[in-house]
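Please read them with the structure open.

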Amino acid sequence: MTAATTEKNATPLPDDAPPIPDDAVMVTVKLLRYNPEQDEEPHWESYRIPSLPSDRVLNLLHYIKWYVDGTLTFRRSCAHGVCGSDAMRINGVNRLACKVLMKDMLSSSGETTLTIEPIKGLPLEKDLIVDMEPFFEAYRAVQPYLKTTGNEPTRERIQSVAERERFDDTTKCILCAACTTSCPVYWSDGNYFGPAAIVNAHRFIFDSRDEAAEERLDILNDVDGVWRCRTTFNCTDACPRGIQVTKAIQEVKRALMFRRR
Ligand code: SF4
Ligand code: FES
């Protein structure tokens, strides 16, 4: 899908919009809109709406959808940085809309404009919604679940604090795709597994209870695997959970080189 080609004027607020609080400021939200039933290409539309410093970007999207244009389409669920469903490009960087506070976005010297686009590298479906299936296909390919052999144990699988600590960082992933869709290698080659799949492979490769590390390392040794990473750190910068994504990828590369953990 090519970039936006047209820009509409700011849509005025409807008469039945809620009263604007005294301490709100008017901001311009430039949204990349796309309706596959009407549009050949995405285009920019602008909205002038009120914002409080305590608003999150998600609140602004709700305002537009509820009071200005009900056709605006985006994903969100928890609104608290847990479900990972509202990753989008906000002013050119991947963020969760529910975690970006407007106080950090408001310009101190006059007019504030936010640009909001869908995450890149996945097929665009409508407005801010992309088809996540290629992302989840790569995730499933690394077998992101505990694999063991032999009989089921009669008691829990014991793990020391140090052993649990070894993969603690990568357990925090919420599968938002912010990392994978900020990666220039993924943009240019959609077959690359991408950072999120490697993070979730790491979570099991370094789990002392798991017995399929070699299998996963073989999978990631593939031409579309871990060696595609060019260490640009976009993924680490994008991760809303603060996961050291690039470090995890480096650790998987090292495990492949030395085949020991
Ligand atoms: S590693 Fe971070 S950015 Fe990537 S999918 Fe998981 S939570 Fe999202
Ligand atoms: S809505 Fe769930 S993470 Fe933002």
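1. Which residues in α2 meet which residues in α5? F135, A138, Y139 and A141 in α2 meet A196, A197 and N200 in α5. Contact here requires C-beta atoms, placed from the backbone, within 7 Å of each other. By class, this contact has six nonpolar, one polar and no charged residues. Ala, Val, Leu, Ile, Met, Phe, Trp, Tyr, Cys and Pro count as nonpolar; Asp, Glu, Lys and Arg count as charged; the others, Gly among them, count as polar.

2. A word on the basis. The model is predicted: local features need pLDDT of at least 70, and side-chain atom pairs count only at pLDDT 80 or more, while totals for chains, interfaces and linings use all residues. Residues are numbered from 1 along each chain as its sequence is written, and chains are lettered from A and ligands numbered from 1 in the order in which they are written. Helices (H or I, at least four residues) and strands (E, at least two) are DSSP runs, numbered from the N terminus.

3. Now the geometry of that helix pair. Helix α2 spans residues 133-141 and helix α5 spans residues 195-205. They pack at about 25°, with axes 8 Å apart. That makes α2 roughly parallel to α5. Axes are lines fitted to C-alpha atoms, for helices over the stretch in contact, and angles run from 0 to 180 degrees between N-to-C directions. Angles under 35 degrees count as roughly parallel, over 145 as roughly antiparallel, 65 to 115 as roughly perpendicular and the rest as oblique. The crossing of α2 and α5 is right-handed. The rule: left-handed if the near helix is turned anticlockwise from the far one by less than a right angle, right-handed if clockwise.

4. α5 also packs with helix α6 (residues 213-220), at an angle of about 155° and with axes 9 Å apart. That makes α5 roughly antiparallel to α6. The crossing is left-handed. From α5 come I198, A201, F204 and I205; they meet A213, R216, L217 and L220 in α6. This contact divides into seven nonpolar, no polar and one charged residues.

5. Helix α8 (residues 245-258) is another partner of α5: their axes come within 9 Å and cross at roughly 60°. The two helices are therefore oblique to each other. α5 passes α8 in a left-handed crossing. On the α5 side are P195, I198, V199, A201, H202 and I205, and on the α8 side V245, A248, I249, E251, V252 and A255. By class, the contact of α5 with α8 has 10 nonpolar, one polar and one charged residues.

6. Which helix gives the most to the shell around ligand 1? α5 does, with three residues. In total, 16 residues surround the ligand, and the closest are C173, C176, C179, A196 and C239. A residue counts as near if its C-beta atom, placed from the backbone, lies within 6 Å. By class, the shell has 14 nonpolar, one polar and one charged residues. Note A196: it is one of the closest to ligand 1, and A196 is also among the α5 residues that α2 meets.

7. Turn to the strands. Strand β4 (residues 87-90) and strand β5 (residues 93-96) pair antiparallel over four bridges. Pairing needs at least two DSSP bridges between the strands. β4 and β5 form a hairpin with two residues between them, and N91 in the turn has a positive phi of about 50°. R89 is bridged to N94, and I90 stands opposite V93.

8. β4 is also joined to strand β6 (residues 113-117), by two bridges in the antiparallel sense. Here R89 has E117 as its partner, and I90 has I116. Strand β2 (residues 25-33) runs parallel to β6, with four bridges between them. In that pairing, T28 is bridged to T113.

Conventions: Two residues are in contact if their C-beta atoms, placed from the backbone, lie within 7 Å.
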